[in-house]
Amino acid sequence: MFSKRPILLGGLGLSATLWLLDTIHFNFFDSSTLLSAIALGSGIWWWRHLRGDQPQQRPVSTKLPDRAAVDRAIATLETLVTSLEQESASTLSTAQVALLPLSKFREQVQALQTGLERQALSIGLLGDRNTGKTALLNHLQNGPEADSSPVRLSYQEFSLPEASADVPPDLALQDAVLFVTAGDLTESAFNVLKQRVLAGQRAVLAFNKQDQYLPADRETVRQKLQQRVAELPRPVEVAAIATAPRPIKVRRHQSDGRVEESLEQVAPDVAALETALKKVACDRTELVLSTTLRQAELLRQEVQTSLNGVRRERAMPLVEQLQWVAAATAFASPVPTLDLLATVAINGQLVMDLGKVYGFSFSLDEAKTAAGTLASLTVKLGLVELSTQALTTVLKSHAATYVAGGMVEGLSAAYLTRMAGLSLIEYFEEAALAGQSSSSLSLESIGQRLQALFQQNSQGALLVRLVQQGLERLRPTPVDSPTLQSSQA
C-alpha cells in the first residue's frame, strides 16, 4: 500500500527517523540504525521537494456559444454519464445502481441533440404583480399576430422571484425572457433581469400600462428604463406598450344640441413589442444554441451530483484509513514538531488520493505544497487546540484510558485528518459541480470549509464515535506492555 504512496512513505519516514534520533544515540556505522538511515534518506528527498510552485489557473473561455461549443458540451455529458455507469457498477451494489436514473440521463442527452433542429422558440414572461402579465400573455397567444411570424413563439408566465438565485429552473430553459414592468424597475427586479442576461438569455423589457401616465411622464419612465438596461452586458430592447388600455371618455354632439358621453375601449398598443419579438425570432439559431448549452449545463450538474455521491462512497474509506495512520503516528511519538511533519505528509496523500477519486490530477509537488499550506491553516485557525479541548472533554468520561500516553495526541491527529479529508471532499465535489478541471486548489476556500466543519462537529456524535473507535485501536494490549512482559520474565 505505502510503496504506491510516496508522499506518505517519505513524510512518515522522516517523522519516524527524527523521533528515533531524538530517543537514541545515533551511530551512522551501527548496522542497527540502517533502517533509520534509509528512512532518513527518503524523508530528506521528500522534504527537499516540499516547496512546489503553485499551479496556474486555466483561462476561462468568454466566446459566445456556437454549434461546436454545444456539440462539445453534449459530448462531455455523454462521457460523464458513461463515467457514472462505470464507477457506480464498480462501487455500489446492484440495488443501489438500480436507483440511479441512468436511462433517464441517456434520454435527456439524446433530447438535447435532437432539440437543436427545432424551429419553435419558447419565451418566459416575468414581472411583478399588477404589471399586466396575464393580459399580455393572452394577447400574445390569441392576438391576430400570434401566427404571423415564420418562427412559432410559445409563451409561459412566471412569477418574479425575490432573488435571482430563486429563479425557477423552467425559466432558465426558455429561449428568451420577456420582462414586464409597469414603471421603473426595483433593485431586486433589475438584479433578476441582470442575472438572466448574464446567464445568456435574450431579454426584452416591456414597459406596460404606459397609457396610465401623462405623455411627459411616460417618456421619462421609458428613458430611465433604457438607462438601466444600458448597464447590462448585452443589449435589451425596451418596448413601451399598453396591453389593456383604460377606456376613454368620448363626447358626441347630437343634431338637436345634446351632448352624449360614453366610454369606449381602446385597442391594445403592442406594436413596439411585436417588432422586438420579430427580431428575437430572427435569431432563432443562436437562441436555440444558447438554450441547449444551458440545458446541457443543468443536466451536467445533475449527473455530476449523482457521480459525486458514488465517489464519496470511494473517498470515505481512504479518509478513514489515513486518519488512523495519523492517529497511530501521533500516539507512538507524541512530539509536536513531528506530529506536524506527519500531518503534512498525510494531508499531501489525502490531496493526491481524493483528487484522483474526483478526477483532479495533482503532481507530487502540488500536493505537498497544498498539504503544507493546509497544515499551516490548521494551526493558524487554532483547530489543533479546539480539537484537543473537545477530545479532552469526551475522554474525561473514560477515566481508565484518559491518562494513557499519547491518547489525546493520537485522537486529535485522527480528528484533524478526518476534518481535512471531509473539507477536501466538499471542495472537490463543489469544484466538479462548477465544471472546474484545473489542478490548482483554492486553499482559502478549503480553510473556510475546514473551520465550518469543526464548528459543526465539535460536540456532535462524530466526535464521540471517533473517540470510541480510537480507544479500541490505540489502547495498548497487555501482551504489548513492556512492564507486564518483564514481570512475567
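These exercises, each with a worked solution, walk through one predicted protein model.

Residues are numbered from 1 along each chain as its sequence is written, and side-chain values use heavy atoms, leaving out hydrogens and water. Because the model is predicted, local features need pLDDT of at least 70 and side-chain atom pairs count only at pLDDT 80 or more, while totals for chains, interfaces and linings use all residues.

**Exercise 1. The whole chain**

Task: State how many helices and strands the protein chain has, and what percentage of its residues is buried.

Solution. 
- Start with the elements. Helices (H or I, at least four residues) and strands (E, at least two) are DSSP runs, numbered from the N terminus. The protein chain has 19 helices and seven strands.
- Turn to burial. Buried means under 20% relative accessible area, exposed over 50%, and partly exposed in between (1.4 Å probe, protein chains only). Of the 489 residues in the protein chain, 45% are buried.
- A contact means heavy atoms within 4.5 Å. Among contacts with a separation of 6 or more, 80% join residues 24 or more positions apart.

**Exercise 2. Helix H3 and its partner**

Task: Describe helix H3, then work out how H3 and H5 pack.

Solution. 
- Take the length. H3 covers residues 67-91, which is 25 residues. From first C-alpha to last, H3 reaches 36 Å, close to the 36 Å expected at 1.5 Å a residue. The expected span is 1.5 Å times one less than the number of residues.
- List the buried side. Buried residues of H3 include Ala69, Val70, Ala73, Ile74, Leu77, Leu80, Val81 and Leu84. An α-helix has 3.6 residues a turn, so residues three or four places apart point the same way.
- Find the angle. H3 and helix H5 (residues 102-115) pack at about 170°, with axes 10 Å apart. Axes are lines fitted to C-alpha atoms, for helices over the stretch in contact, and angles run from 0 to 180 degrees between N-to-C directions.
- Classify the angle. H3 and H5 are therefore roughly antiparallel. Angles under 35 degrees count as roughly parallel, over 145 as roughly antiparallel, 65 to 115 as roughly perpendicular and the rest as oblique.
- Name the contact residues. On H3 they include Arg67, Asp71, Ile74, Leu77 and Val81. On H5 they include Leu102, Phe105, Val109, Leu112 and Gln113.

**Exercise 3. Aromatic rings**

Task: Count the aromatic pairs, then classify two that share phenylalanine 428.

Solution. 
- Set the rule. Rings of Phe, Tyr and Trp (its six-membered ring) pair if their centres lie within 6.5 Å; planes under 30 degrees apart count as stacked, over 60 as edge-to-face and the rest as tilted. By this rule there are five aromatic pairs.
- Take tyrosine 358 and phenylalanine 428. Their centres are 6.0 Å apart with 25° between the planes, and the pair is stacked. Tyrosine 358 lies in the loop between helix H12 (336-357) and helix H13 (364-380), phenylalanine 428 in helix H16 (residues 407-433), 70 residues apart. Both residues are buried.
- Take phenylalanine 362 and phenylalanine 428. Their centres are 5.9 Å apart and their planes at 50°, so this pair is tilted. Phenylalanine 362 is in the loop between H12 and H13, so the pair ties together parts 66 residues apart in sequence.
- Check burial. Phenylalanine 362 has a relative accessible area of 11%, and phenylalanine 428 has 0%.
- Gather the rings. Tyr358, Phe360, Phe362, Tyr427 and Phe428 form one aromatic cluster.

**Exercise 4. Positive phi**

Task: Where do asparagine 130 and lysine 209 lie?

Solution. 
- Asparagine 130 lies in the loop between strand S1 (121-127) and helix H6 (133-142). Its phi is near 60°, a positive value in a residue other than glycine. Asparagine 130 is exposed at 67%.
- Lysine 209 lies in the loop between strand S4 (202-207) and helix H9 (215-229). Phi of lysine 209 is near 60°. Lysine 209 is partly exposed, at 25%.
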